[in-house]
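Here are some notes for reading this structure alongside its sequence. Please keep both open and find each residue as it comes up.

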Amino acid sequence: MNLKYILILSLLISQTKVGSSQENLKQTLRGIVVDRETQIPLPSVNIILPESSPQQGTISNENGYFRFEEVIIGRQTIQASYIGYKTQIIDNIVISSAKEKIIRIELDESVTAIDEVVIKATIKKDKPINKMATISARSFTVDETKRYPGSYGDPARMAANYAGVMSVRDNRNDIVIRGNSSTGLLWRLDGIEIPNPNHFAASGTTGGPITILNNNLLTNSDFLTGAFPAEYGNALAGVFDLKMRAGNNEKREYWAEFGYNGLEFGTEGPFSKNSNASYLIAYRYSLVDIIDLLGAEVETTQYQDLTFKLNFPMKKGRLTFVGMGGKSYIEMFDSNDDQKDWAFESWGEDLSNGSDIGTLALSYVHFFGTKTRLQTAISLYGSKVTTQIDTISVGDPSPDIWAGEESSEVKASLTTHVNTKINSRNTFSYGLIADRYFVNFADSTMTEGQFEVFTDLSDEFNLFQLYTQFKHKFTNNIELYLGLHSQYLDMNNSFSLEPRMGFNWNLNEKNSFKIGYGLHSQTQLRIIYFTQTQLNNGDIVLSNKNLDFTKSNQIILGYDHLFSDVLRLKIETYYQYLYDVPVKEGQPEYSVLNFGAEYFIERTDSLVNKGTGENYGIEFTLERFLSNNFYFLITASIYESNYKGYDGIKRNTAFNGNYAINVLGGYEIPFRKNNAFSIGLRTTYAGGRPYIPYDVAETLNQGIEVLDWDNAYEIQQKDYFRINLRLGIKRNKPKYNVEIAMDLQYRTGYTSVYEYRIDPLTGKEYYNREMELYPMASYRIQF
């Protein structure tokens, strides 16, 4: 820890000297303008920089491209207008030295004849990129993942500031959306489903301590929290629909960064001067492991990841090749510590965990005329988790094997999507997702002197998804969305047909009303299907293999009010009814809706689809988008999250904290022309999560951890309170730019419990919490 403080202090001191050069630095701003529905480039679009002095303007060429050569460093606003289209305004475009800014502008065609009305420019800064999403969806920028205190450049940590979203615990980025299990989250990258994009991930989870996603390679993306369009399937809680930018196709650029997510090097540029093809690649290595190599005594914590995108524009489309992979390994060995630092008084644990993930996708987009777009991709992803837990004791310091796991999944996919813009009022799309799974699961635990095997097999199966969706604009202010999704699992012939609907009515320039409905379904976690049951005669059966999908009916009402172009109020209320939820007759309080509350997904057998659940609540968002160097976001959620197990008794889910309040804000202070200092503050106050206490008497009697299921989720942890402070400096020089930031996280005594354990030998319960003060710095240079 002392070394960490020294590094942070050194970084801050290194940035206090500002060079003498005070000229206004300038940079290139360029990009492309396309139709939002078809993605076809638009020529002759009028584009201006309204806040430049003197005002700069240009028009897009026959291929939709535009260019400004000398744009002053700082935040800029761009406006694009075109006959028959709604004028688009994009602000807070960050212009830096040593790196060209390349943007994409998408214009909406007006349904009103061009000679009837002059279309006024409007700004809806959180409008989702996906044109079919009408409610409970918003876009976010890469700038926000860095600017929001405590986000560490991680989209999931940033999203925990939004209404209806909560972190499961401080040291991981798993998120709970509207009381749903974190396992209900779908991750997509450039239209392709990807595995859990986090280091140190456990089987079946969707989060982890450190993200593999690299925000230096991402661009504006969508986050959806309910009743999402039909193209998103096999998810109950929410969707991260992430987009990766293409590399600079004219100029080679480089960057280096180190911080919470590791030591990173990246580059982008054209393959050659005569080609528009480009590459974008970044590699990161564990910062903790580097500190270990410097001689500090830290636990073995290793991770590395590689992300790239190759982009090949063609005459009537483009070909892209995307890859992302990460390896991680950690050791937490009590045998390396003094006895007083062991997990328990008289015995300890040696835990090692490794996780590997990787995904490759080859995608082709083809334009048929000016109305139809086809996108087809083939992809391959894989994930592997290995875990071993040994025990040591005072009388026997040699580790004894207690539990182990080696699980892997590989998925080969074909994805195709067709989008047709029939006319300015109607857009129709349909698609297919075909997945082939190859799974291999093996894990066991020592029980009463012998190993109890939970999974031990390999298998293959298919999941097919079909969808179609249609959007009709009655006027420029009223639109209706209809969709239908279906999915089929050939392993047990599970089938689901899921209608989706959305309606958006802009009552006037300041007020809008929205409604959304969706039936959603999700397969069970793959490892659950293959959990073994041993019969009395010794035979092994897969008692969960015929489980049906879990399903969720969701209805949402929303209201938006714009006080101004930069200040808005958003209110949404929702109701979700979940059914066909796996529960267990022999443990009637059990439900898979509580998956994700702990690190490990329990392998429970003999499940049946007879459980239900309910989530309902109301959410408030008051947001001031960054303007005049100041922004804030205030969100409040009041909600209930309940379930019924096999016994039909209503109980709290593990995520029913009842309320959550987030307040964050920040200010940027420009100084000496080309530099800026930023400060941000975030506070979170939320209800404590319910949990299952231990049955102390039975734990002592049996000599193993025994939960008190009779009081399942009736007791709650203390309320949660946390403060984050973020300080940052940006410096621009003619040949490079530097950005340094420090996040300081303070967790009070009300912070969530990091680990709840009981010593089976003494009956003593342990509530382990993270350290109260947690600093983290980052440093990035672009050149």
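1. Start with tyrosine 659, which counts as partly exposed because its relative accessibility is 27%. The model is predicted, and every value in this note is computed from it.

2. Tyrosine 254 is partly exposed at 35% relative accessibility, and phenylalanine 783 is partly exposed with a relative accessible area of 43%.

3. Now return to tyrosine 659 and its partner. The ring centres of tyrosine 659 and tyrosine 685 are 5.9 Å apart and the planes stand at 35°, so the pair is tilted. Tyrosine 659 belongs to strand E37 (residues 659-671) and tyrosine 685 to strand E38 (residues 675-686), and the two are 26 residues apart. Tyrosine 685 also counts as partly exposed, at 34% relative accessibility.

4. Aromatic residues also gather in a group: one cluster is formed by Phe140, Tyr162, Trp187, Phe223 and Phe240.

5. Arginine 147 has its charged end over the ring of tyrosine 631, 4.5 Å from the ring centre. Arginine 178 has its charged end over the ring of tyrosine 574, 4.6 Å from the ring centre.

6. Phenylalanine 470 lies in strand E26 (residues 450-473) and is partly exposed, with a relative accessible area of 29%. Leaving out residues up to four places away in sequence, phenylalanine 470 touches Asn426, Thr427, Phe428, Leu480, Tyr481 and Leu482. Its C-alpha atom is separated by 43 Å from that of arginine 722, which is 252 residues away along the chain.

7. How many cavities of 30 Å³ or more are there? The count comes to 13. The largest cavity has a volume of about 530 Å³. Its lining is made of 33 residues, and Asn196, Gly204, Thr205, Tyr381 and Arg526 lie nearest the centre.

8. Which elements each supply at least two residues of the lining of the largest cavity? They are strand E11 (185-189), strand E22 (347-368), strand E23 (372-393), strand E24 (400-421) and helix H5 (526-529). The largest share, four residues, comes from E23. By type, the lining of the largest cavity divides into 14 nonpolar, 14 polar and five charged residues.

9. The peptide bond from serine 53 to proline 54 is cis, with omega near -5°. Proline 54 is in the loop between strand E2 (46-49) and strand E3 (56-59).

10. Serine 606 is a residue other than glycine with a positive phi, near 55°. Serine 606 sits in the loop between strand E33 (567-584) and strand E34 (607-627), and is partly exposed with a relative accessible area of 32%. Asparagine 629, also not a glycine, has a positive phi of about 70°. Asparagine 629 is in the loop between E34 and strand E35 (630-644), and its relative accessible area of 27% makes it partly exposed.

How values were computed:
Residues are numbered from 1 along each chain as its sequence is written. This is a predicted model: local features need pLDDT of at least 70, side-chain atom pairs count only at pLDDT 80 or more; totals for chains, interfaces and linings use all residues. Side-chain values use heavy atoms; hydrogens and water are left out. Buried means under 20% relative accessible area, exposed over 50%, partly exposed in between (1.4 Å probe, protein chains only). Contact means heavy atoms within 4.5 Å. Rings of Phe, Tyr and Trp (its six-membered ring) pair if their centres lie within 6.5 Å; planes under 30 degrees apart count as stacked, over 60 as edge-to-face and the rest as tilted. A charge sits over a ring if NZ of Lys or CZ of Arg is within 6 Å of the ring centre and within 35 degrees of the ring normal. On a 1 Å grid over the protein atoms alone, a cavity is a set of points where a 1.4 Å probe fits but cannot get out, and a pocket is an open set with protein on both sides within 12 Å along at least five of seven lines; lining residues have an atom within 4 Å of a point. Grid points are joined across faces, edges and corners, and a volume is the space filled by probe spheres set on the points. Ala, Val, Leu, Ile, Met, Phe, Trp, Tyr, Cys and Pro count as nonpolar, Asp, Glu, Lys and Arg as charged, and the others, Gly among them, as polar.
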